[in-house]
Amino acid sequence: ALGVDGVTGVAPDGQHRLLGGLGDLCLIVVGQRHHLHVELDVGDDACTDHTKFDMQMVTLTDDDQAKIAEAAKEAVLPIWRDTCNAVDPECTAKWNETVGAAAGLTIE
């Protein structure tokens, strides 16, 4: 087993070799788990092995999206910035270039 400390103690190019395609695999698994949880939440008939719930799936409006972005900017991202930069001083820059760019958010 290799923990976060073990991975972060390796040079970046070594981390990439060490982890290989693990990041891609994690994204696939997370996506599959998310789909299952949505089915459970809305009580889909495809759910046969878990407790179903009766939530309603809705489409977020532009106003909803703006509120989420504002909450992320004001409450979530500052905490993420401080926590992540404590481990890697380049974390904010990396996040802004990758996740932030994809999400349309910037950590200040």
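Trainee: Is Asp-63 buried, exposed or partly exposed?

Mentor: Please keep in mind that this is a predicted model. The relative accessible area of Asp-63 is 45%. Buried requires a value under 20% and exposed a value over 50%, with partly exposed in between. Asp-63 is therefore partly exposed.

Trainee: Is Lys-67 buried or exposed?

Mentor: The relative accessible area of Lys-67 is 52%. A residue is called exposed when this value is over 50%. Lys-67 is therefore exposed.

Trainee: How many salt bridges does the structure hold?

Mentor: One of them joins Asp-63 and Lys-67. Another is formed by the side chains of Arg-81 and Asp-82, at 2.9 Å from N to O. In a further one, the side chains of Asp-88 and Lys-94 meet at 2.7 Å, N to O. The number held by the structure is 3.

Trainee: What is the relative accessibility of Asp-88, the residue that meets Lys-94 in a salt bridge?

Mentor: Lys-94 counts as partly exposed, at 43% relative accessibility. Asp-88 also counts as partly exposed, and this class lies between the limits of 20% and 50%. The value for Asp-88 is 22%.

Trainee: Is Thr-92 buried or exposed?

Mentor: Thr-92 is found in helix α5, which covers residues 91–103. Its relative accessibility is 14%, and the limit for a buried residue is under 20%. Thr-92 therefore counts as buried.

Trainee: Which residues are in contact with Thr-92, leaving aside its neighbours within four places in sequence?

Mentor: One of them is Arg-81, whose side chain also meets that of Asp-82 in a salt bridge. Arg-81 counts as partly exposed, at 24% relative accessibility. The complete list for Thr-92 is Arg-81, Asn-85 and Ile-107.

Trainee: Which residues make the nonpolar surface patch of about 280 Å²?

Mentor: One member, Val-58, is placed in the loop between α3 (22–41) and α4 (62–87). Val-58 is exposed, with a relative accessible area of 58%, and residues in a patch must have over 30%. The patch is made by Val-58, Leu-60 and Ile-68.

Technical notes:
Residues numbered from 1 in each chain as written. Predicted model: local features only at pLDDT ≥ 70, side-chain atom pairs only at ≥ 80, totals over all residues. Heavy atoms only, no water. Helix = DSSP H or I, 4+ residues; strand = E, 2+ residues; numbered from the N terminus. Buried < 20%, exposed > 50% of the residue type's maximum accessible area, 1.4 Å probe, protein only. Contact = heavy atoms within 4.5 Å. Patch = residues over 30% accessible without salt bridge, like charges linked within 9 Å, V, L, I, M, F, W, Y side chains within 5 Å. Areas by Shrake-Rupley, 256 points an atom, 1.4 Å probe, with all protein chains shown as cover. Salt bridge = Lys/Arg side-chain N within 4 Å of Asp/Glu carboxyl O.
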